[in-house]
Amino acid sequence: MAVRPITVIGHKALHAPTKKVREITDEVRTLVADMFDTMEAAEGVGLAANQVGSRARIFVYDCPPERGDDGEHARGVVVNPVLERLGSPAPLDEEEDGEGCLSVPGEWFPLARHPRARVTGTDLEGNEVVVEGVGLLARCLQHETDHLDGYLYVDRLTGPIKTEAREAVKDRGWAADGILRWDPASTTADKV
């Protein structure tokens, strides 16, 4: 399999909703295998298909249990996910509620998320999957489904944090320099 370049904020693929997968083909299986390889090379906990240039409604995840949690390591793929946010977000804790994104590399901003989330969809065999999580896994499920709906986590930021994020992205100069993807296998940015 292969490590694919990851699109960076400013790339139009990140702001367009993805399309439902109608059939699991060899091309889809290769995409998913490449997504796992790419996520691992980038040291991420989740990756949506549009982050690697595909319009397919698929994401992969690999979330370790949180510190002090006896929970299990959660790893898998969800095809055509439907998200259900559970519970009400707690007040934002800027120290604990940080979030990052492989499409906004090197940045980390606080974002309140729902404390639990459930995603339903299918696996690569067409079997129904239900993934429910709290903490990091809940955040991951919401984050990756947002990607597939055409949103980045920085789109959900508000107030001074949103301003700080805009400035950080501007300072990085990705769009101004025509750099709209990076290669986690070599950690170099490419112009698209």
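Student: Is Arg4 buried, partly exposed or exposed?

Tutor: Please note at the outset that this is a predicted model. Burial is read from the relative accessible area, where under 20% is buried and over 50% is exposed. Arg4 has a relative accessible area of 24%, so Arg4 is partly exposed.

Student: With which residue does Arg4 form a salt bridge?

Tutor: As a general idea, side chains of opposite charge can pair when their charged atoms come close. In this case the partner of Arg4 is Asp34, with the closest N and O atoms 2.9 Å apart.

Student: How many salt bridges does the model contain?

Tutor: The count comes to 13 salt bridges. Another of them joins Arg75 and Asp62, at 3.0 Å from N to O. This pair links distant parts of the chain, as Arg75 is in strand E4 and Asp62 in strand E3 (residues 58-63), 13 residues apart. Arg75 is partly exposed, with a relative accessible area of 47%.

Student: Which residue meets Asp146 in a salt bridge?

Tutor: The side chain of Arg156 does, at 2.7 Å from N to O. Asp146 is in helix H2 (residues 135-148) and Arg156 in the loop between H2 and helix H3 (159-172); the two are 10 residues apart and link distant parts of the chain. With a relative accessible area of 1%, Asp146 is buried, whereas Arg156, at 38%, is partly exposed.

Student: Over which ring does the charged end of Arg156 sit?

Tutor: A charge may also be read against an aromatic ring. The charged end of Arg156 sits over the ring of Tyr151, 5.3 Å from the ring centre. As for pairs of rings, a search of the whole structure finds 1 aromatic pair.

Student: Why is H2 described as largely enclosed by the rest of the structure?

Tutor: In H2, 12 of the 14 residues are buried, so the helix is largely enclosed by the rest of the structure. The buried residues include Leu137, Cys140, Leu141, His143 and Leu148. Strands E2 (46-48), E3, E4, E5 (98-99), E7 (116-122) and E8 (128-134) are what the buried residues of H2 pack against. H2 reaches 20 Å from its first C-alpha to its last, close to the 20 Å expected. Just after H2, Gly150 takes a positive phi of about 95 degrees.

Student: Which backbone nitrogen lies 2.7 Å from a polar atom of the side chain of Asn80?

Tutor: It is the backbone nitrogen of Val21. Leaving aside residues up to four places away in sequence, Asn80 touches Lys20, Val21, Arg57, Thr120 and Gly121.

How values were computed: Residues numbered from 1 in each chain as written. Predicted model: local features only at pLDDT ≥ 70, side-chain atom pairs only at ≥ 80, totals over all residues. Heavy atoms only, no water. Phe/Tyr/Trp six-rings, centres within 6.5 Å; stacked < 30°, edge-to-face > 60°. Lys NZ or Arg CZ within 6 Å of the ring centre and 35° of its normal. Polar contact = N/O pair within 3.5 Å; in protein donor to acceptor, adjacent residues only side chain to side chain. Contact = heavy atoms within 4.5 Å. Salt bridge = Lys/Arg side-chain N within 4 Å of Asp/Glu carboxyl O. Buried < 20%, exposed > 50% of the residue type's maximum accessible area, 1.4 Å probe, protein only. Helix = DSSP H or I, 4+ residues; strand = E, 2+ residues; numbered from the N terminus. Expected span 1.5 Å × (residues − 1).
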